[in-house]
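Let's take a look at how charged side chains pair up in a protein model. Have the sequence and the 3D view ready, and follow the pairs along.

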Amino acid sequence: MSDDIRRNMALFPIGIVMKLTELTARQIRYYEQNGLICPARTEGKQRLFSFNDVDRLLEIKSLIEKGLNIAGIRQVLQLQESVQEKTEITAKSEEKRKEISDKELHQLLKQQIMYHNASRHGETALIRGELSRFFH
């Protein structure tokens with residue numbers, strides 16, 4: 001499975017994303033309403049987030065802490081949007097998601113954090129600081 005497919009696979013329900021990002025459900029929904037994030041939806045309308053969605057939420061959180069408003073954040077994200085793919089639930093990704101156990105999901109998340117840390121020098125501290133508490 002390629003890294004792009006894995007990073008765009010909708011895996012996490014909003015409860016897990018709240019723990020990973022330390023954002024409230026209300027904040028996450030607000031960012032979705034304002035078009036800053038676009039999580040995939042199951043047939044039952046449950047939001048499912050990918051690794052890329054979690055990264056984006058952490059970036060939004062960081063930009064807000066730096067003083068940017070929603071309009072400023074939208075402009076920053078629009079510049080980056082041309083590079084990233086939208087998270088979608090496809091038959092293939094849904095099948096893969098159902099096959100993944102919690103332990104495998106935990107390992108995947110750990111690998112993604114380590115990959116992210118190795119490839120993005122300026123943002124490593126944020127991701128490691130935000131997510132490292134889940135790995136002991």
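## K61 and E22

In this predicted model, the side chains of K61 and E22 come together in a salt bridge, with 3.6 Å from N to O. That counts as a salt bridge because the cut-off is within 4 Å. The two partners sit in distant parts of the chain, 39 residues apart. You'll find K61 in helix α4, while E22 lies in the loop between α2 (14-21) and α3 (25-33).

## R7 and D55

Here's another pair: R7 and D55 form a salt bridge through their side chains, at 2.0 Å from N to O. This one also ties together distant parts of the chain, with R7 in helix α1 (residues 3-8) and D55 in helix α4 (residues 51-65), 48 residues apart. Both R7 and D55 are buried.

Next up, E32 and R47 meet in a salt bridge of 2.5 Å, N to O. E32 belongs to helix α3 and R47 to strand β3 (residues 47-49), 15 residues apart. E32 is buried at 18% relative accessibility, and R47 is buried too, at 19%.

What joins E32, R41 and R47 into one network? Salt bridges that share partners do.

## The tally

Altogether, the structure holds 4 salt bridges.

Note on methods
Residues numbered from 1 in each chain as written. Predicted model: local features only at pLDDT ≥ 70, side-chain atom pairs only at ≥ 80, totals over all residues. Heavy atoms only, no water. Helix = DSSP H or I, 4+ residues; strand = E, 2+ residues; numbered from the N terminus. Buried < 20%, exposed > 50% of the residue type's maximum accessible area, 1.4 Å probe, protein only.
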